[in-house]
Amino acid sequence: MSEEQIRSLEKQFDERIARDEKIEPKDWMPEKYRHTHIRQMSQHAHSEVVGMLPEGNWITRAPSLRRKVALLAKIQDEAGHGLYLYSATETLGVTREELYDQLHSGKAKYSSIFNYPTLTWADMGAIGWLVDGAAIINQVPLCNTSYGPYARAMIRVCKEESFHQRQGYEIMMKLANGTPEQKDMAQDALNRWWWPSLMMLGPTDDKSVHTEQSMKWKLKRKTNDELRQQFIDQTVPQADLIGLTIPDPDLKWNEERQSYDFGAINWDEFWQVVKGHGPCNKERMKARVNAWEEGEWVRDAAMAYAEKKQERKQKQAV
Amino acid sequence: MKNENLYNYILGIADNSLILGQRMGELCGHGPSLETDIACTNISLDLFGQVRSYFQYAAKIAGDKRTEDDIAMLRKEREYKNVLLVEQPNTNFAYSIGRQFLFDVYHLAFLTELQKSSDLTLSAIANKCVKEVSYHERFSSDWVKRLGDGTEESNQKMQEAINDLWTYTDELFHQTPADIAMVTEGVGVDVTKLKEKYYKQVSELLQEANLEVPESKWFQKGGKEGIHTEHLGYLLSDLQYMQRTYPNMEW
Ligand SMILES: [Fe+2]
Ligand SMILES: [Fe+2]
Ligand SMILES: [Fe+2]
């Protein structure tokens with residue numbers, strides 16, 4: 001294709017997106033669009049799957065049968081999210097094996113929040129309330145993103161995430177209204193998860209690399225700082241309601257902005273975790289790599305069995 | 001307790017689901033593929049759902065303040081009545097599948113009979129569970145076939161798991177005094193009558209899966225009387241951790 005042809009295709013492509021048309025897997029798309037989407041969508045899929053680990057920690061120790069069932073169901077949902085996000089990513093011409101390779105080799109990222117440890121039962125509440133809460137803020141705008149398979153996956157994912165968010169908040173509420181020990185447990189979890197949750201919404205706008213292009217492709221509709229503000233404004237009253245204190249001495253309602261002012265985020269910590277040196281980066285990666293490597297003989301067996309079965313069928317047909 | 005036999009009978013059924021559910025829950029996030037992870041979590045989820053129905057009923061029969069969670073999480077090790085088979089660890093995926101398969105075939109046959117119980121609550125629970133468990137049985141049978149008839153390595157691993165777990169199968173068909181009392185009343189299932197069909201069905205599937213049916217006639221039992229393998233204590237320390245550390249609280 002000549003450069004001129006490509007330019008005209010790109011122009012048509014941009015116009016389609018501007019008209020709010022969806023781009024489908026078989027449509028022509030610029031290579032950069034494809035790559036950016038593979039990166040962002042697989043990163044999202046990886047986050048769902050790695051995110052199963054910190055919560056999975058508490059399945060065997062959940063305090064009641066009702067909570068155990070709800071936690072299992074939640075983690076199963078996250079696995080489902082991983083599954084349809086991987087499938088959606090595969091429509092861009094990349095295989096699941098390649099995507100796993102990128103995760104296991106450290107080339108692909110996943111949400112840094114999952115590199116923090118889950119130390120008490122209250123962390124199950126804090127994760128649902130704050131982490132799923134922040135994820136929703138990130139993801140709701142993606143329900144209208146330009147790439148069809150991603151947008152459709154997001155609609156389904158977001159419905160379940162808001163259920164998780166309510167469930168997590170309900171865990172926190174129960175603790176906050178419980179015994180002093182339970183309330184302390186809830187407050188401690190909020191103290192540990194609050195700042196990492198704010199970081200989940202991404203670096204400040206001046207440090208964010210992909211924003212402008214992403215806006216055009218509707219991979220992003222608001223800036224990180226806008227999303228963060230939205231998250232804070234939404235979450236502070238929820239903490240107030242159950243009598244928990246946001247661990248930020250600078251947090252203050254700003255009448256003029258009709259928003260909360262908040263304290264400085266420790267971005268050094270953020271970059272430390274992103275670069276692989278958070279409290280659980282190594283454990284999380286090791287768990288994923290182990291599962292994959294120890295599962296190899298199982299996947300090989302399944303493949304060999306399917307081939308044998310196919311052969312037998314063909315022989316029967318002859 | 002007025003209905004002690006019925007209470008113990010329900011615990012005997014439910015503890016199998018409780019302990020197996022706990023074992024399957026351990027796998028979540030660590031399985032060989034996302035699809036098997038989802039399936040194993042789903043089995044765990046079903047089993048705990050069943051446990052809740054049984055223990056809610058048992059709590060009602062007990063008629064005191066105890067709750068489903070007290071029954072599930074606050075008994076002593078010797079008071080758990082599950083068979084030894086379900087407490088065996090997730091040594092590798094073949095063991096998890098083998099354990100599931102050897103239990104599912106029994107479980108499905110058992111629930112099918114329990115649907116006829118003269119106790120309407122039990123028959124209703126069985127009726128609900130039978131659908132779930134027939135899915136479990138299909139899942140675990142399919143995987144026994146895949147692993148048995150897959151590669152040389154998977155065949156070896158599956159065979160080893162079956163050989164090791166085989167010793168725990170006979171216990172499924174032993175009766176406790178509560179079992180016998182409940183069978184007499186038309187409430188319980190006579191498990192001795194399930195045995196022949198069980199071994200026939202299991203053997204046929206193993207053969208289809210290119211696996212040998214173990215010939216050993218040495219069996220282990222004791223779980224139904226609360227004499228467990230060493231594995232159970234560790235499982236219970238996880239299961240009971242919160243209830244023991246923070247007694248008398250609501251979650
Ligand atoms: Fe999710
Ligand atoms: Fe998500
Ligand atoms: Fe979620």
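Start by selecting Lys11(A) and Glu15(A): the two form a salt bridge, with their closest N and O atoms 3.3 Å apart. (A salt bridge here is a side-chain nitrogen of Lys or Arg within 4 Å of a carboxyl oxygen of Asp or Glu.) Both residues lie in helix α1 (residues 3-18) of chain A, four residues apart, or about one turn of the helix. Helices are DSSP runs of H or I with at least four residues, strands are runs of E with at least two, and numbering goes from the N terminus. Lys11(A) counts as exposed at 54% relative accessibility, while Glu15(A) counts as partly exposed at 34%. The cut-offs are under 20% relative accessible area for buried, over 50% for exposed, and partly exposed in between, with a 1.4 Å probe and protein chains only.

Before moving on, some housekeeping. This is a predicted model, where local features need pLDDT of at least 70 and side-chain atom pairs count only at pLDDT 80 or more, while totals for chains, interfaces and linings use all residues. Residues are numbered from 1 along each chain as its sequence is written, chains are lettered from A and ligands numbered from 1 in the order in which they are written, and side-chain values use heavy atoms, with hydrogens and water left out.

Next, pick Arg16(A) and Asp27(A), whose side chains meet in a salt bridge at 3.1 Å, N to O. Arg16(A) lies in helix α1 of chain A and Asp27(A) in the loop between α1 and α2, so the pair ties together parts that are eleven residues apart in sequence. Arg16(A) is partly exposed, with a relative accessible area of 21%, and Asp27(A) is partly exposed too, at 22%.

For another pair, jump to Asp261(A) and Arg257(A), which form a salt bridge with the closest N and O atoms 2.7 Å apart. Over all chains, the structure holds 33 salt bridges.

**The iron ions**

Which residues coordinate the iron ion (ligand 3)? Select Glu78(A) (OE), Asp132(A) (OD), Glu161(A) (OE) and His164(A) (ND1), and you will find them at 1.9 to 2.2 Å. Donors are N, O and S atoms within 2.8 Å of the metal (3.2 Å for Na, K and Ca), and water is not among the atoms, so sites may look incomplete. The four donor atoms around the iron ion (ligand 3) subtend angles of 91 to 144°, which makes the arrangement irregular. Asp132(A) sits in helix α6 (residues 122-139) of chain A and His164(A) in helix α7 (residues 148-176) of chain A, so the pair ties together parts that are 32 residues apart in sequence. Asp132(A) and His164(A) are both buried.

Follow Glu78(A) across: Glu78(A) bridges the iron ion (ligand 3) and the iron ion (ligand 1), which lie 3.5 Å apart. The iron ion (ligand 1) is coordinated by Glu48(A) (OE), Glu78(A) (OE), His81(A) (ND1) and Glu161(A) (OE), at 1.9 to 2.1 Å. Here the four donor atoms subtend angles of 91 to 130°, which makes the arrangement tetrahedral. For reference, four donors count as tetrahedral if all angles lie between 85 and 135 degrees; four count as square planar and six as octahedral if opposite donors are over 155 degrees apart and all others between 65 and 115; anything else is irregular.

One more hop: Glu48(A) bridges the iron ion (ligand 1) and the iron ion (ligand 2), which lie 3.4 Å apart. The protein donors of the iron ion (ligand 2) are Glu48(A) (OE) and Gln139(A) (NE2), 2.2 to 2.7 Å from it. Glu48(A) is in helix α2 (residues 31-50) of chain A and Gln139(A) in helix α6 of chain A, 91 residues apart.

**Where the chains meet**

Finally, show chain B against chain A. The contact (heavy atoms within 4.5 Å) takes 48 residues from chain B and 48 residues from chain A. Across this interface the rule finds four salt bridges. To see a salt bridge between the chains, select Lys308(A) and Asp149(B), with the closest N and O atoms 3.2 Å apart.
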